[in-house]
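Please summarise the fold, the helices and the core of this chain. Keep it brief.

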Amino acid sequence: AEWSRAAMSWQDAARIMVWVRWREAVADKRSLFRTLVMPVGFVIYIMVVSKTGEEPKDLGTLPPMVLMTPGLCLSAAVTTFAVTLVRERTAKVRHVMMSQGMPPLSYWAGTLVPHYSHALIIAIAFMLTALYTRQDFVIEPVSGDSSVVTSRVAPLFVAVAVGPISVLLCAYNFSYFFDTPESVMRTLPLLEMFLGGMMAMLANLLLSFGEMETLRLNGLRLHAAMSVASPYYAMPGCILGLSFACRGGQPCGKGPAGFFGEWYVFTPLLG
């Protein structure tokens, strides 16, 4: 008797891809340690070392490593994901899966969900550690009580949620430009450092010269340009915007809507 295979919905195919990605992650313990445990540990170490919320003060500049940390830690995981995609493309694994009936939507949805969950753990670790160490981009710096956490946490939470998505999608697109895993590992971390943390550090440096209007305006221009142009700038850009929102001796007693209304906070999120 003839038989035919039942048609598989794209949701079922996506669930299969999620399972495949999950098995890939847990099967290689060394890779899991390198892409999850080490980045989270690095986040905790840097945030504790850069602890700036011990005493209330007007904000000057953010510690440089606070701006670099999100990108450095996310790049450890995202680069590994891009290497996997390059290997699947060059070995025709992706082609075989799709020729056997795997819908492209299922392939990419089933890839994005576990990768995003992985990166989100690192981003949430950054936010929680910032709150625990009372970093001065989330506390009230001039209230007299450095333990007061302001509503700047709401924009930071949004940045933590959307930042990994932009980084992942950018890495997925860049994976088409590389033919070897080595080229991915050499290039993507440098892009993350240059287009993310380093540009935020430069903008922060320019904005710290509050008495020099020209440098301050150039810092705002750089911040605006990178917010629109760089997918790696969402988290460091939002952190810089939240810090800048409370410079100049002004209390940070506004609500979440007030911070979202500041262009230097919401522009990195939109970008």
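**Overall fold**

This is a predicted model. The protein chain has 11 helices and zero strands. Its pattern along the sequence is accordingly α-α-α-α-α-α-α-α-α-α-α. Of its 271 residues, 46% count as buried. Among contacts with a separation of 6 or more, 76% join residues 24 or more positions apart. The exposed surface comes to about 13200 Å². Carbon and sulfur atoms supply 67% of that surface.

| Helix | Residues | Length | End-to-end C-alpha span | Expected span |
|---|---|---|---|---|
| α2 | 29-49 | 21 residues | 28 Å | 30 Å |

In α2, a kink of about 30 degrees lies at Val-37, shortly before the proline Pro-39. In α6, a kink of about 30 degrees lies at Val-162, shortly before Pro-164, also a proline.

**The buried side of α2**

Which residues of α2 are buried? They are Ser-31, Thr-35, Leu-36, Pro-39, Val-40, Val-43, Ile-46 and Met-47. An α-helix has 3.6 residues a turn, so residues three or four places apart point the same way. The buried residues of α2 pack against α3 and α5, the latter covering residues 104-132.

**The nonpolar core**

In soluble globular proteins, nonpolar side chains tend to be buried together. Here the largest nonpolar core holds 63 residues. Phe-126 and Phe-137 touch the most other members. Helix α3, residues 64-90, gives the most to this core, with 11 residues.

What does Phe-137 touch, leaving aside residues up to four places away in sequence? Its contacts are Met-47, Leu-62, Val-66, Phe-126, Ala-130, Arg-152, Leu-156, Ile-239, Leu-242 and Ser-243. One of these, Met-47, is a buried residue of α2.

**Cysteines**

How many disulfides does the structure hold? It holds zero. Cys-73 has a relative accessible area of 3%, so Cys-73 is buried, given the 20% cut-off. Cys-238 is at 0% relative accessibility and therefore counts as buried too.

Technical notes: Residues numbered from 1 in each chain as written. Predicted model: local features only at pLDDT ≥ 70, side-chain atom pairs only at ≥ 80, totals over all residues. Heavy atoms only, no water. Disulfide = S-S within 2.5 Å. Buried < 20%, exposed > 50% of the residue type's maximum accessible area, 1.4 Å probe, protein only. Bend = angle between axes of the 7 residues up to and from the residue. Helix = DSSP H or I, 4+ residues; strand = E, 2+ residues; numbered from the N terminus. Core = buried A, V, L, I, M, F, W, Y, C linked by side-chain atoms within 4.5 Å. Contact = heavy atoms within 4.5 Å. Areas by Shrake-Rupley, 256 points an atom, 1.4 Å probe, with all protein chains shown as cover. Expected span 1.5 Å × (residues − 1).
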